[in-house]
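Trainee: I have a model open on my screen. Can you show me how to read it, one feature at a time?

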Amino acid sequence: MSDDEILDLQFRELDLHIEGTELAARIDELYRELEARALVFRPHFWLSDEWFTPDGIAGVAIPFYLAHPRLAKLELTQMLEVEGGDPTWCMRILRHEAGHAIDNAFLLRRRRTRRELFGRSSEPYPEAYSPKPYSKNFVLHLDSWYAQSHPDEDFAETFAVWLTPDAEWRQRYQGWPALKKLEYMDTLMRELAGKPMLVRTHRRVDPLPKLRKTLRAHYERKRRHYGLLHPDFYDRDLRRLFSADPVYQANMKAARFIARVRRDVRRMVASWTGEYQYTIDQVLEAMLKRANELNLRLTEPEDKTKADFLVMLTVQTMNYLHSGRHRVAL
């Protein structure tokens, strides 16, 4: 099927299953990690439109595109990356979501020490958060300093670090205030070892067969969510790097140069900052358009200009991360 044909399908028309896929192997790996820690807890899993763990349920929804390589290819086309698309990335997210699920399974948010260390789960979930990249009060697991977004994410991220095999978290976080959270997690999980879950429902929220929206509507919403928050003014930075002076008229146009390096710098900045490639691509699109309108051209060799442009794009992305408008990733 073409992309357009697939985009016009409703989610409920996708005949997808976890069984027999690479996802099943990843889930089995998670179960082995839990078993190695003597935890009887086993979250259940189902396919939906996104990653999420509903409140009050000891189970995790996994995005549909991870159940079929053709849909993973569509996700890449639509969003420029596949969240959880390789084994390492998938396991990091599974451990994180298992942290939410075990929180639900044993009603851990009711515990006083848990509230004192991580904060209250009743705190409103933000549409956006302003990360502090150099804070040592939080562990580092998923990108974008995700533990800082909400007390429940802090708990789930701390659980994920604790669960990760060979994490050596005592050495990694020595001297960090976050170590106290990890030590509490270690004590708490030892207490829960061998104990059955208190919440045993296998209810599923928004399972794929119940979703009537089309994939096209899904991606339109998702792109709006991650693509329209950046400022659209870059004139000062662009004029510092390129020039409209007639003396450079014979040089390559800046817009053409940005288009040439776009894919490479987008990937690199996303890797460094943890920001969505799609979001960064919107900045690049705005820069390309503005550079063309200003008729800017290169003033230095391409290699040097690429290095300088990479720094500029990273700074713009970091400014965005500090602006208080960073979208929660999961």
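Mentor: Start with burial. Buried means under 20% relative accessible area, and exposed means over 50%. Keep in mind that this model is predicted.

Trainee: Is Glu75 buried or exposed?

Mentor: Its relative accessible area is 2%, so Glu75 is buried. Glu75 lies in helix α3, residues 69-79.

Trainee: Which residues does Glu75 contact, apart from its neighbours within four places in sequence?

Mentor: There are Tyr65, Leu80, Glu81 and Val82, and also Tyr219 and Lys222. Now compare sequence and space. Glu75 and Arg223 are 148 residues apart in sequence. Their C-alpha atoms are 11 Å apart in space.

Trainee: How do I read the chain as a whole?

Mentor: Take the elements, then the extent, then the burial. The protein chain has 13 helices and six strands. Its C-alpha trace spans about 75 × 50 × 35 Å along the principal axes. The chain has 330 residues, and 53% of them count as buried.

Trainee: What share of the contacts between residues at least 6 apart in sequence join residues at least 24 apart?

Mentor: In this protein chain, 75% of them do.

Trainee: Let's take one helix. What should I know about helices in general?

Mentor: An α-helix has 3.6 residues a turn, so residues three or four places apart point the same way.

Trainee: How many residues does α6 have, and how far does α6 reach?

Mentor: Helix α6 has 13 residues. From first C-alpha to last, α6 reaches 18 Å, close to the 18 Å expected at 1.5 Å a residue.

Trainee: Why is α6 said to be largely enclosed by the rest of the structure?

Mentor: Count the buried residues. In α6, 13 of the 13 are buried, so the helix is largely enclosed by the rest of the structure.

Trainee: At what angle do α6 and α8 pack?

Mentor: Helix α6, residues 151-163, and helix α8, residues 178-192, pack at about 75°. Their axes are 10 Å apart. Angles of 65 to 115 degrees count as roughly perpendicular. That makes α6 roughly perpendicular to α8.

Trainee: Which residues make the contact?

Mentor: From α6 come Asp154, Phe155, Thr158, Phe159, Val161 and Trp162. From α8 come Lys181, Leu182, Met185, Asp186, Leu188 and Met189. By class, this contact has eight nonpolar, one polar and three charged residues.

Trainee: Is Asp154 buried or exposed?

Mentor: Asp154 counts as buried, because its relative accessibility is 2%. This residue sits in α6. Beyond four places in sequence, Asp154 is in contact with Phe118, Phe138, Ala147 and Lys181. Asp154 and Lys181 are 27 residues apart along the chain, and their C-alpha atoms are separated by 9.3 Å.

Trainee: Where is Thr164?

Mentor: Thr164 is in the loop between α6 and α7. Its relative accessibility is 18%, so Thr164 counts as buried. Look at its side chain too. It reaches the backbone oxygen of Ala160 at 2.6 Å. Not counting residues up to four places away in sequence, Thr164 touches Arg37, Arg95 and His141.

Trainee: One last case. Is Arg26 buried or exposed?

Mentor: Apply the cut-off again. Arg26 counts as buried, because its relative accessibility is 17%. Its place is in helix α2, residues 22-36. Leaving aside neighbours within four places in sequence, Arg26 is in contact with Pro87, Cys90, Met91 and Leu94.

Technical notes:
Residues are numbered from 1 along each chain as its sequence is written. This is a predicted model: local features need pLDDT of at least 70, side-chain atom pairs count only at pLDDT 80 or more; totals for chains, interfaces and linings use all residues. Side-chain values use heavy atoms; hydrogens and water are left out. Axes are lines fitted to C-alpha atoms, for helices over the stretch in contact, and angles run from 0 to 180 degrees between N-to-C directions. Helices (H or I, at least four residues) and strands (E, at least two) are DSSP runs, numbered from the N terminus. Angles under 35 degrees count as roughly parallel, over 145 as roughly antiparallel, 65 to 115 as roughly perpendicular and the rest as oblique. Contact means heavy atoms within 4.5 Å. Ala, Val, Leu, Ile, Met, Phe, Trp, Tyr, Cys and Pro count as nonpolar, Asp, Glu, Lys and Arg as charged, and the others, Gly among them, as polar. Buried means under 20% relative accessible area, exposed over 50%, partly exposed in between (1.4 Å probe, protein chains only). A polar contact is a pair of N or O atoms within 3.5 Å; within protein, one must be able to donate a hydrogen and the other to accept it, and residues adjacent in sequence count only if both atoms are side-chain atoms. The expected span of a helix is 1.5 Å times one less than its number of residues.
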